[in-house]
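Subject: Structure handover

Hello,

Please find the structure below, followed by notes on what was found in it. The notes go through a few side chains and then the chains and their contact.

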Amino acid sequence: MEPHLHALHSAGCDPIEVRTPDQLQEVTHLVLPGGESTTLRHLLDLHHLSTTILERVQNGDLALLGTCAGAILMGRDEGEDPQRWSLIDVSVQRNAYGRQIHSFIAPVQWKSGPGSGESEGIFIRAPRLEQPAPEVEILAVCGHEPVAVRQNRCVACTFHPELTADPRVHRWFLGL
Amino acid sequence: MNDQFSSPMRGIDAEDEFRTKVALAEMLRGGVIMDVTTADEAKIAEQAGAVAVMALERVPSDIRRDGGVARMSPVDKIKEIQQVTTIPVMAKARIGHFVEAEILEALEVDFIDESEVLTPADHAHHIEKSRFRVPFVCGATNLGEALRRIGEGAAMLRTKGEAGTGDVTEAVRHLRLIGTQISELTQAPSEQRMTIARDLGAPYHLVCQVAEEGRLPVPNFAAGGIATPADAALVMRLGAEAVFVGSGIFKSEDPLRTALAIVHATAHFENATELSEASRGLGEAMPGIDATRLPEAERLQNRGW
C-alpha cells in the first residue's frame, strides 16, 4: 500500500488508506494494490467492501486502478479462485510468467492514456492479460503483449508503476 | 508464450535483479507468512489469507522439543506444497549451507530463509546470497547483523525473536533495538559513520545509506514467538512491515480460526475495535515458554552472527 500512497502524493493528491466501509465512502478514486490476489480478496470480503466497490463502479461513482493482484480481481470471471469482478473484459492469467525467479524488469511502451513513450515495467510474479474484448482499450504493451488496459473508469496494470519514481500513471488515473 | 517473454530475465543486470527481489518483499508488506508442514496446512493458510507460506519439516516448537539436527525440508514435501498453493512458497536453508540453497533455487521456491531455526551448517560464514537469483530473507537481532546480511545480498530481513516459544518478547527487543540504532545513526554527525560501521561490524556504504534515508534499505518483518492476533498487531505497531507466524497457528487449538484472526489483526493493527473482534472465540493459543529463562545453549537467536 505504501508505495501507492507515495506515488499518489507525488501525483498531487492527499490519499487515505481504505480498510473499512466508512473509509471507502470518502474516496472517488481507489487503488487496488499488488500482493496476493487471494489475500486481497480475503481482506476485501472481511468487511464486504467488494459489494460496495462494485456498486459504486457500476454507478460510475468510483474510478479503479488495479496493479498486479488488483488487476487480477478486475478481470473477466472465468470461474477461477479468487472470483473475478468482470469490470474489464479481459482474461487475466495469474503467475503467468512463473515463480519469483522469473520476475523481471522490462520497458513498457505507452500507446495512450498516461502518454506516449516508454516507462520502466517491474513485473513481479506477474499476471498476463489475454483476449481483451473490443471495448477494452490497450494503454501499454511490453513487447507485443498488453500490460495496461482500460475499460470505462477501470484501469488494470500487470506491472508495478508505484515502485518507480515516475508518477505519470497515478496522475493520469486521478484525472479519470 | 511469444519470443519476447520466453526468457524475461535474459540480460537482466545485478541491480535490476536485486530490485525484483526487494519488490516481492514489498508485495508481502502488511501480510502474514505462515509456517506449514503439509499440503493440507498450506491450503488452510491460503484460505485464511496468508501472503505466503514457509514450507518446513517441523514447526519451530517441535524442533525445540525434539532436539537433534534440523535441516532443509524434504524436497518432496516442498513440491507437494508448491502444487496446492498459488501464493509464494518460501523454504528454509541452514545458515551457511549454500548447497541446500542451490537445491531450493532449483525447486524455484519464491524466497529462501537462511534460518537460525535450523541447525547451522557453518559457524563462520553465511551464504553469499547475491549470487542467487532467488531472493533471501535472514534474521537479525540488531542493526549491525541486519546490514551484514544485506551486504551479503538479503532482500528482506526479519527479527530472529525466539522461535518456537510463543513468547513475543525477543521479537519486541530486536525491533526496538534496530529502531533505536537507526535513529541514533541518523542523528550522528557524518564524520562518525566509519566509527559506527566499525562498532556495528557493518558495511560502511550501508551505514551511510541508512543514515541518509532513516530506514533499512529492505523491508523488515517480525518473526519469532508471535502467537496471538495481539502479538501480531504489537510487532506491526513497533514498525515491523509484515509478520511471520511459525508454531503459533498450527500448534493452536483451532488453526484456521487463529490464522484468520492473525491475518485480520495484521491488516487492522492500528484499530482496537477490529483487534478485539479478531481476538474473539479463539480457543487456546499455543503453549508457551518464557524466552528469557531459556539456557544460553537453547537460544536459537544466538545462531549466526
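**A buried salt bridge in chain B**

B:D113 is buried, with a relative accessible area of 1% (buried means under 20% relative accessible area, exposed over 50% and partly exposed in between, with a 1.4 Å probe and protein chains only). Its side chain meets that of B:R158 in a salt bridge, at 3.0 Å from N to O (a salt bridge is a side-chain nitrogen of Lys or Arg within 4 Å of a carboxyl oxygen of Asp or Glu). B:D113 lies in strand β4 (residues 111–115) of chain B and B:R158 in strand β6 (residues 156–159) of chain B, so the pair ties together parts that are 45 residues apart in sequence. Helices (H or I, at least four residues) and strands (E, at least two) are DSSP runs, numbered from the N terminus. B:R158 is also buried, at 2% relative accessibility.

**How to read the model**

This is a predicted model, in which local features need pLDDT of at least 70 and side-chain atom pairs count only at pLDDT 80 or more, while totals for chains, interfaces and linings use all residues. Residues are numbered from 1 along each chain as its sequence is written, chains are lettered from A and ligands numbered from 1 in the order in which they are written, and side-chain values use heavy atoms, with hydrogens and water left out.

**Other salt bridges**

Over all chains, the structure holds 42 salt bridges. Side chains of opposite charge can pair when their charged atoms come close. One of the bridges joins B:K43 and B:D40, with the closest N and O atoms 3.8 Å apart. Both residues lie in helix α3 (residues 39–47) of chain B, three residues apart, which is about one turn of the helix. B:K43 counts as partly exposed at 43% relative accessibility, and B:D40 as exposed at 53%.

In chain A, A:R84 forms a salt bridge with A:E80, the closest N and O atoms being 3.9 Å apart. A:R84 is buried at 4% relative accessibility, whereas A:E80 is partly exposed at 25%.

**Chain B as a whole**

The secondary structure of chain B comes to 14 helices and eight strands. Its radius of gyration is 19 Å, close to the 19 Å that the globule rule gives for 305 residues, so chain B is as compact as a globular protein of that length (the radius is taken over C-alpha atoms, and the rule is 2.2 Å times the number of residues to the power 0.38). Along the principal axes, the C-alpha atoms of chain B fill a box of roughly 55 × 50 × 40 Å. Of the 305 residues in chain B, 60% are buried.

**The contact between the chains**

Chain A gives 36 residues to the contact and chain B gives 39 residues (contact means heavy atoms within 4.5 Å). In chain A, A:R99, A:Q100 and A:I101 lose the most area to chain B, together 22% of what that side buries. The area buried between the two chains is about 3,300 Å², of which carbon and sulfur atoms give 60% (buried area is the accessible area, with a 1.4 Å probe, that two parts lose on being put together, summed over both).

Between chain A and chain B the count is four salt bridges. A:E2 and B:R29 meet in a salt bridge through their side chains, at 2.5 Å from N to O. A network of salt bridges links A:E2, B:E26, B:R29, B:R215 and B:E241.

B:H268 lies in the loop between α13 (255–267) and α14 (272–278) of chain B and is buried, with a relative accessible area of 5%. Leaving aside neighbours within four places in sequence, B:H268 is in contact with A:R19, A:T20, A:L46, A:H47, B:E274 and B:L275.

**Backbone details in chain A**

A cis peptide bond joins A:D81 and A:P82, with omega about -5 degrees. A:P82 lies in the loop between α5 (69–74) and β3 (91–93) of chain A.

A:C68 is not a glycine, yet has a positive phi of about 55 degrees. A:C68 sits in the loop between β2 (63–67) and α5 of chain A and is buried at 4% relative accessibility. For A:N152, also a residue other than glycine, phi is positive and near 55 degrees. A:N152 is in the loop between β8 (145–151) and β9 (154–157) of chain A and is exposed at 61% relative accessibility.

Regards
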